[in-house]
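Here is a friendly walk through one structure, from its strands to its charged side chains. Take a look at the sequence and the model first.

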Amino acid sequence: MSKTILMVDDDPTQSRRITAILEREGYAVTLLPSGDALLDHLGTGAVCDLILLDLVMAGRSGLETLTETRARGYLHPVIVLTAAGGIDMVGSARQAGALDFFVKPASAERIVISVANALASSALRSEFSQLRRRNEGRSSFDDLTGNSPAVQRVRRLGERAARSSVPVLISGESGVGKEVIARAVHGTSDRSGQPFVAVNCSAIPAGLGESILFGLESSHFAGGTEGHAGKFGDASGGTLLLDEVGALSADLQLKLLRFLQDGEVGPVGARRPVAVDVRLIAATSRNLLQAVSDGAFREDLYFRLSALPIEAPPLRARKADIPSLVETFIRRFNIEEGRHIGGVSADALDLLMRYDWPGNIRQLENAVYRAMVLAEGSTLQTHDFPAISGLSPPTSQALAGPGSQEGPLETENVGTHSLDAPVRVLDEHGHIRTLEAIETDLIRFAIDRYEGQMSEAARRLGIGRSTLYRKVRE
């Protein structure tokens with residue numbers, strides 16, 4: 001997905017030159033002749049990733065324009081251009097919020113590097129800002145990537161839920177981002193900044209659910225247990241997300257219903273219930289109405305939890321959001337993995353758009369991560385998604401890894417003649433391949449076989465996940 005750059009300059013010769021340089025690099029450039037034109041353009045809500053702003057223009061100067069954009073709340077990264085004016089003017093532009101500057105006529109290399117650095121810096125600040133908001137319990141619906149009708153509907157319902165204190169039930173398939181929605185409801189509500197606690201009800205060990213959720217009263221007798229507040233106590237003043245709420249046992253369902261009725265919980269071993277101030281959000285990938293019909297879920301609890309229901313759409317119902325999601329994942333993994341992937345090719349994006357994604361956003365995220373870790377080039381290509389495309393990297397070097405002299409990966413093991421073991425042991429001359437080459441092919445095959453699920457690939461290979469990540473990076 002091309003980055004959009006606004007070029008603001010009243011010098012047509014320089015504007016055309018810089019535009020041609022950036023378009024050759026794959027950027028989408030829009031020319032604007034003045035500062036007023038820029039402010040009008042931003043006022044329409046148009047997409048913009050970076051602004052190139054000339055400091056000396058007729059009418060409103062570049063510095064005045066930059067100051068006004070910041071005053072109006074436009075925080076886009078800005079690079080200033082100047083053919084005249086001294087260091088004082090550039091310093092003033094820096095103080096007003098410009099990231100960088102260059103003097104016209106600048107070399108193509110200087111322009112490209114400046115733009116790339118500004119975009120990378122902006123992406124880094126955005127990721128850190130989102131992570132900080134999440135850690136502080138201040139996520140918002142701006143953190144939901146995409147603008148499809150399905151996502152807009154979720155935003156409307158979520159914002160309505162944030163203005164209320166009633167329980168919310170978020171339903172949807174596994175991997176659709178139900179926790180992201182729950183965090184946005186919490187972060188947009190009057191409980192923003194207070195604790196947000198998430199618990200997966202399907203992962204609660206049998207017999208420990210009551211203690212984990214509602215707490216344990218300490219025992220003062222010899223050898224007595226040490227008490228703890230439980231998840232409800234941890235979330236006091238904030239929000240508790242009960243993920244996969246349909247997995248709760250009948251006893252825990254009854255205790256949850258009592259909390260919804262009375263606002264109190266009963267810690268294990270306590271003589272009397274304890275009042276807690278907690279906003280409850282439940283999430284499920286099951287059909288709870290069917291569970292009610294089957295007698296597996298209490299009907300009265302269902303209606304209490306679903307006072308305000310939100311249906312999280314599967315990814316196949318919001319495919320228009322895939323380009324934005326891919327861009328978000330690339331930006332994040334570039335930071336986390338120290339990569340410099342510039343984007344995804346048109347053919348690869350078309351492949352991702354046509355796939356149905358049964359594992360939803362989580363599967364797409366894993367696919368992009370796997371592609372970025374193993375990609376040889378600076379742009380993700382179709383063959384970087386082998387589990388979806390069925391293609392392998394086009395060169396023998398990419399397949400065999402460093403130090404290997406073998407040709408493309410074959411579908412038959414020379415030593416065993418098994419179609420289930422496509423990693424070759426012998427080279428074309430009948431000699432044993434290097435251990436490094438065999439291990440490289442085996443790791444690639446395992447990741448492809450388990451569709452980028454790194455935990456499963458590591459388990460099948462008999463190594464730890466951290467070891468697998470290290471070997472992949474190497």
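## Strands in parallel

Strand β1 (residues 4-8) runs parallel to β3, and 4 bridges join the two. Helices (H or I, at least four residues) and strands (E, at least two) are DSSP runs, numbered from the N terminus, and two strands pair if DSSP finds at least two bridges between them. Leucine 6 has isoleucine 51 of β3 as its bridge partner. β3 also pairs with strand β4 (residues 78-82), again in the parallel sense and over 4 bridges.

How much of strand β3 (residues 50-54) is buried? 5 of its 5 residues are, so the strand is largely enclosed by the rest of the structure. Buried means under 20% relative accessible area, exposed means over 50%, and partly exposed lies in between (1.4 Å probe, protein chains only). Both faces of β3 are covered, with Leu50, Leu52 and Asp54 buried on one side and Ile51 and Leu53 on the other.

## About the model

This is a predicted model, in which local features need pLDDT of at least 70 and side-chain atom pairs count only at pLDDT 80 or more, while totals for chains, interfaces and linings use all residues. Residues are numbered from 1 along each chain as its sequence is written, and side-chain values use heavy atoms, with hydrogens and water left out.

## Loops and backbone angles

Valine 47 sits in the loop between α2 (35-43) and β3. With a relative accessible area of 61%, valine 47 is exposed.

Phenylalanine 385 belongs to the loop between β14 (379-380) and α16 (386-389). Is phenylalanine 385 buried or exposed? It is buried, at 3% relative accessible area. Glycine 452 is 67 residues away from phenylalanine 385 in sequence and 9.2 Å away in space, C-alpha to C-alpha.

Two backbone angles are worth a look. Tryptophan 357, in the loop between α14 (346-354) and α15 (360-374), has a positive phi of about 55° although it is not a glycine. Asparagine 360, in helix α15, also has a positive phi, near 60°, and is a residue other than glycine. Tryptophan 357 is buried at 0% relative accessible area, and asparagine 360 is buried at 0% as well.

## Salt bridges

The whole structure holds 13 salt bridges, each a side-chain nitrogen of Lys or Arg within 4 Å of a carboxyl oxygen of Asp or Glu. One of them joins glutamate 68 to arginine 72, with the closest N and O atoms 2.8 Å apart. Glutamate 68 is partly exposed at 25%, and arginine 72 is partly exposed at 43%.

Glutamate 210 and lysine 255 form another, their closest N and O atoms being 3.1 Å apart. This pair links distant parts of the chain, 45 residues apart: glutamate 210 is in helix α8 (residues 209-214) and lysine 255 in helix α10 (residues 250-262).

Glutamate 439 forms a salt bridge with lysine 471, where the closest N and O atoms are 3.1 Å apart. Glutamate 439 lies in helix α18 (residues 435-449) and lysine 471 in helix α20 (residues 465-473), so the pair ties together parts that are 32 residues apart in sequence. Both ends are partly exposed, glutamate 439 at 34% and lysine 471 at 24%.
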